[in-house]
Number of protein chains: 2
Amino acid sequence: MKLDSAKLKYIHTWGSLATSWGINKTMAQVHALLLVSTKPLSAEDIMETLQISRGNVNMNVRALIDWGIVNKEFVVGERKEFFVADKDIWELFKQITKERKKREIEPVLKVLEELQQVDDNSEDAQQFKQVLGDLSKVTNTVNNILDKAIKADEHWLLSNFTKAIKK
Amino acid sequence: MKLDSAKLKYIHTWGSLATSWGINKTMAQVHALLLVSTKPLSAEDIMETLQISRGNVNMNVRALIDWGIVNKEFVVGERKEFFVADKDIWELFKQITKERKKREIEPVLKVLEELQQVDDNSEDAQQFKQVLGDLSKVTNTVNNILDKAIKADEHWLLSNFTKAIKK
DNA sequence: TTAAACTTTCAATAATTATTGAAAATAAAA
DNA sequence: TTTTATTTTCAATAATTATTGAAAGTTTAA
């Protein structure tokens, strides 16, 4: 396969996978494009390669910066903004994990806790609280593991995890 | 808060959270309803509680059965089907993990591997392969950890993980 | 068999989410 | 200043995804 077609395939594959994770397709594609680019890209570059509008580029690049996985870069002699993606993939994984944890796991925990406050002692309520409690417990476990992963170093994490986990 | 309103709040909260994870809202609500129900529910019961159509109930209940987190149940003297959700939340977590891993992580690994076959040795191609390799490595790490989690027992996993992870 | 009870399918439609593009806002240069 | 380059916003629109509901299919009972 030729390099450019491989890059495009990668960009488009990433985009469709993102959809199943509830992430905007274009956002994923813009990120993928920046990730495999050897030089900083301008809004125009992105518009042209992905065939999308200026507004769309702007919105999605801002979102990526917001997620902490893309940065602005100044190019000498150029007035417009250029963008680069952090090339450290482990760092990328940690950033995404951190962001999704904050946006999606923490609010769950909050609601679960709030719902525990049912003032009812029927058998039915007991069962409901039991379910809520179990959900909290598992969610907390996952949350803690993610916390550790965010702080950990890749190799250290993997080797320790494997050590702990293997029979 | 009253029990029924707490249950409804739980069901609706779960539904909107599901959306951000790329899971159909109704599917999540049906599951939540079955999870907090003390008895098996029929399609009619679900239609009525969630105010959705028969076709919608059917599609989503099938999907939940497909994910392995809901089961059919026969009720004596009744001809129609009833449904129950597995109440073991850790089991639920494992099932969901298993399913998403299969649907979303494994295909990524396959594509990444395929893309490595670029027959080009330019510096640019080297960098591209480097990115692909790094993505594979991190994705594989996550995949392995999930594999272990799926097989593990909750308490054992948590305690071992914590042990390994803490300084 | 036939009829009744129930489940499934899927084209039509509704609801949601993403994208465009042009106008408004902002920043740099003349 | 004023002009020009660039970025941002957001109402209108397009694209996608979910839902309905009625017809077709299936299963059980009479």
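Visitor: How far apart are the closest N and O atoms in the salt bridge that A:Asp120 forms with B:Lys2?

Guide: A salt bridge needs a side-chain nitrogen of Lys or Arg within 4 Å of a carboxyl oxygen of Asp or Glu. In this predicted model, the closest N and O atoms of A:Asp120 and B:Lys2 are 3.8 Å apart, so the pair counts under that cut-off.

Visitor: How many salt bridges are there between chain B and chain A, and how many over all chains?

Guide: Between chain B and chain A the count is six salt bridges. Over all chains, the rule gives 26. Polar contacts are a separate count: six residue pairs between chain B and chain A, both residues at pLDDT 80 or more.

Visitor: Which elements of chain B give two or more residues to the side that touches chain A?

Guide: They are helix 1 (3-20), helix 2 (25-36), helix 5 (89-115), helix 6 (123-151) and helix 7 (154-165) of chain B. Helix 6 of chain B gives the most, with 14 residues.

Visitor: How do the residues on that side of chain B divide into nonpolar, polar and charged?

Guide: The side of chain B that touches chain A has 31 nonpolar, 11 polar and 14 charged residues. For the contact as a whole, chain B supplies 56 residues and chain A supplies 58.

Visitor: What area is buried between chain B and chain A?

Guide: Buried area is summed over both parts. Here the value is about 5600 Å², and carbon and sulfur atoms give 73% of it.

Visitor: Which residue forms a salt bridge with A:Arg103?

Guide: A:Arg103 forms a salt bridge with A:Asp66, with 3.8 Å between the closest N and O atoms. Between domain 1 and domain 2 of chain A, the count is one salt bridge. There are also two residue pairs in polar contact between these domains, both residues at pLDDT 80 or more.

Visitor: Where in chain A do A:Glu44 and A:Arg54 lie?

Guide: The side chains of A:Glu44 and A:Arg54 meet in a salt bridge at 2.8 Å, N to O. A:Glu44 is in helix 3 (residues 43-50) and A:Arg54 in helix 4 (residues 54-66) of chain A, 10 residues apart.

Visitor: Back to chain B: what is the strand order in its open sheet of three strands?

Guide: The order is 1-3-2, with antiparallel pairing. Strand 1 (41-42) and strand 2 (70-73) of chain B are the edge strands, each pairing on one side only.

Visitor: How many bridges join strand 1 of chain B to strand 3 of chain B?

Guide: Two strands pair if at least two bridges are found between them. Two bridges join strand 1 to strand 3 (residues 82-85) of chain B, and these strands run antiparallel. B:Ser42 stands opposite B:Phe82 in strand 3 of chain B.

Conventions
Residues numbered from 1 in each chain as written. Chains lettered and ligands numbered in written order. Predicted model: local features only at pLDDT ≥ 70, side-chain atom pairs only at ≥ 80, totals over all residues. Heavy atoms only, no water. Polar contact = N/O pair within 3.5 Å; in protein donor to acceptor, adjacent residues only side chain to side chain. Contact = heavy atoms within 4.5 Å. Buried area = accessible area lost by both parts, 1.4 Å probe. Helix = DSSP H or I, 4+ residues; strand = E, 2+ residues; numbered from the N terminus. Nonpolar A, V, L, I, M, F, W, Y, C, P; charged D, E, K, R; others polar.
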